[in-house]
Amino acid sequence: MILTSPLVVEKVWLDKPKYDAAERRYYESLSKGITQNPNSWNSLAGEVAKARQHIKNSLQCIDDIAVTSNTVSVEVTNRLVSLEKENQELTSRMEKMEQRIVALEKALQAATAAAAAVASRPVEKAAPKPQPPAPKPSNDDDDDDGVDLFGSDSEEEDAEAAKIKEQRLAEYAARKAKKPVLIAKSNIILDVKPWDDETDMKLMEAEVRKIQCDGLVWGASKLVPLAYGIHKLQISCVVEDDKVSVDWLQESIEGIEDYVQSVDIAAFNKV
């Protein structure tokens, strides 16, 4: 379309000689006075009208083609202009990048040369510090053998120091004896489970509380439901760790075989 656009713009009527010949024959027949029948007259007029309409349509089509070609050529021109601008911008960017690369290469070469120069320098060794002269041996060692520089002045002072030390130790022991001794205690919650739902839980609790010893104090208790109407006895106690063993307490409760099936520790806390 772009290559043939100059020819399309030209208004060329290729069938013009044909229509010129038809019009010439028409006017010649009029000048000679030849009469024609109405049908031939109408057909000739129709052909002329068709020719004129065809000429008008052809000219309109040529004008439309010319306008379209002009529009296309304008769009192509604008696109070419934009492409040229983009090409110029890319060219300038490439030149800037090349300049930066050259500058970086120069800086890298300078840094490499500086590092090589530093590495090639000889390392200067520090001068050794002068050592102080060795002290001369003195001849007075034999004279100081019989002198006790750190010894006590008299035996009486040693006896007084020993008495003061014993007195302070006695006072410390007395103060320590007056301080109350902390007794380690533990708060234990036990789960005592019966054999079945027919076990008398009150009698079982009474049997458990019959277990007594020094350092054992029983606390509150309650019945906790398990399943199928069976309840367990949950009872708390406070024991002194040095006097009561937890294993002994469990074995003592499990020894009530008529009521107790098993014993578990639900909670164990230091008081």
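This is a predicted model: local features need pLDDT of at least 70, side-chain atom pairs count only at pLDDT 80 or more; totals for chains, interfaces and linings use all residues.
The largest nonpolar core comprises 19 residues. Within this core, the residues with the most contacts are Leu-190, Leu-216, Trp-218, Leu-249 and Ile-253. At least two core residues come from each of six elements: strand S1 (185–194), helix H5 (201–209), strand S2 (216–227), strand S3 (230–240), helix H6 (246–254) and strand S4 (260–270). Strand S3 makes the greatest contribution, with four residues.

The surroundings of Leu-190 were examined with neighbours within four places in sequence left aside. Leu-190 is then in contact with Trp-218, Leu-249 and Ile-253, and also with Leu-233, Gln-234, Ile-235, Val-263, Asp-264 and Ile-265.

When residues up to four places away in sequence are not counted, Gln-234 touches Ile-189, Leu-190 and Asp-191, together with Ala-220, Ser-221, Lys-222, Val-224 and Ala-266.

Leu-83 is placed in helix H3, which spans residues 38–120. Because its relative accessibility is 41%, Leu-83 is classed as partly exposed, a category that lies between buried, under 20%, and exposed, over 50%.

Terms used
Residues are numbered from 1 along each chain as its sequence is written. Side-chain values use heavy atoms; hydrogens and water are left out. Buried means under 20% relative accessible area, exposed over 50%, partly exposed in between (1.4 Å probe, protein chains only). A nonpolar core is a set of buried Ala, Val, Leu, Ile, Met, Phe, Trp, Tyr and Cys residues joined through side-chain atoms within 4.5 Å. Contact means heavy atoms within 4.5 Å.
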